2 protein chains.
Amino acid sequence: MDESAVSTAAVPSTAERILDAAEDLFAAKGYSATSLGDVADRVGIRSPSLYNHFKNKEALYEAVLERLLAEFSGPLAELDGGPVTNERVFYWLEAIVRQHHANPNLARLLQHAALSGGPHTNELIDRLFRPMFRPDAKIEGEGITLFENTGLQPWAVMAFNNLVMSYVTMAPMYRDLLGQDPFSETALENQLNLIKVLLHAVFEYKGDMTEAP
Amino acid sequence: MDESAVSTAAVPSTAERILDAAEDLFAAKGYSATSLGDVADRVGIRSPSLYNHFKNKEALYEAVLERLLAEFSGPLAELDGGPVTNERVFYWLEAIVRQHHANPNLARLLQHAALSGGPHTNELIDRLFRPMFRPDAKIEGEGITLFENTGLQPWAVMAFNNLVMSYVTMAPMYRDLLGQDPFSETALENQLNLIKVLLHAVFEYKGDMTEAP
DNA sequence: ATCGGAGGCGCGATTATTCACATTGGTCTT
DNA sequence: AAGACCAATGTGAATAATCGCGCCTCCGAT
């Protein structure tokens, strides 16, 4: 009765293969610049056959988004509860970075959505980022009154998020410039080290930032 | 002979108005998703008339790029020569941030190019960023052996650049979340403060970063 | 009168989408 | 076991819209 008695990893269904292809293409070219013909070509079928699995282009896009959101929901929600310490924030960031490293498509898709809109953009943003800005999720360590009393905290969260996501979306630009594959294992370690340094530096920062520029 | 004897800001020529419209649209939707019909509509003419001013779509795109590069070449090249101190780096970053704030289109266009390619992408990247990674442009202050002896320095440059550019490209996402216009004057001050803090923090950071995660 | 610049028209390619149809696999009936 | 049935899934052809782009005409300012 099993699809395969040898391996537990079943052969992907056509719908899944369509999702895989569509995810890559939507992430690379955005919603409107992606043609269903391209998607079908990658799967190895004709474009009308796509309509046996998805109602239309927009429904396919929604399905891609849904799968990506589910994939990233775990690490993103992992900071709920407990004290927000330097260490915990870093491990949280590390998990997110590794997730984006393993699948860069969400960041790319999100960047396209932020730039050009596209269907369900507002809902997408809400579901991903609203939890990060809930008032009860404030960073309240010991040394870091830094952001709180200056109103910078949400912007700091935004900055670190940008740091992580733009590493993915800008990566192609740096492949040549840095002479290294941004998605290699050593590059990942480099990025993690850098984030760690920035985070430690910010957590330990005691300087005055009220002086006028 | 002058276009206007009354005001030094002459009424923009049709070619310039086409460039303005095309810049906005290319920046918002990317190269292939932008139609010449949309451009013509914004200008208020029919799309065939565009060909009286530009050879084809690609030439129009090149012209947009050229104008943007010229607009940003000033601040970007301003760090050449002299010691690279904390203060100088910050004022350099501040100039760039203000430039992107005044015209966000270059960052958006660059992000599209990084994600989807498009004509002349490699040349574009080279002309903008190659100078930032010239070996003679190393950051060699006093306190900051931080990046040099760990090989992180180019990645740090990349990170701060990402910070600046993704503020622009991700801005639409944060408009709702933060309840503030990211391009307002106070938001600009916020971003500058945050960058200042990060930069100071990194410059003053004396921690150990050789420990294994 | 000349000529740059705008519009009208239309070709060929590509797009998303629909439809009629062929083929498959499995299930139910006999 | 054999044949009838059906749902799932593929195909090619066709449609309407939109795209980039070239050709030609005409108008208005110099």
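What pattern does chain A follow, read along the sequence? The pattern is α-α-α-α-α-α-α-α-α, and the secondary structure of chain A comes to 9 helices and 0 strands, where helices (H or I, at least four residues) and strands (E, at least two) are DSSP runs numbered from the N terminus. This is a predicted model, in which local features need pLDDT of at least 70 and side-chain atom pairs count only at pLDDT 80 or more, while totals for chains, interfaces and linings use all residues. Residues are numbered from 1 along each chain as its sequence is written, chains are lettered from A and ligands numbered from 1 in the order in which they are written, and side-chain values use heavy atoms, without hydrogens and water.

Of the 213 residues in chain A, 49% are buried, meaning under 20% relative accessible area with a 1.4 Å probe, protein chains only. The accessible surface of chain A is about 10,100 Å², with 52% belonging to carbon and sulfur atoms.

The axes of helices H3 and H5 of chain A come within 10 Å and cross at roughly 130 degrees, on a scale from 0 to 180 degrees between N-to-C directions. That makes H3(A) oblique to H5(A), the class left after under 35 degrees (roughly parallel), over 145 (roughly antiparallel) and 65 to 115 (roughly perpendicular). Their contact (heavy atoms within 4.5 Å) is made by the residues tabulated here.

| Helix | Range | Contact residues |
|---|---|---|
| H3(A) | residues 57–76 | Tyr61(A), Val64(A), Leu65(A), Leu68(A), Phe72(A) |
| H5(A) | residues 105–116 | Asn105(A), Leu106(A), Leu109(A) |

Note on methods
Buried means under 20% relative accessible area, exposed over 50%, partly exposed in between (1.4 Å probe, protein chains only). Accessible areas come from the Shrake-Rupley method with a 1.4 Å probe; for residues, only the protein chains shown count as cover.
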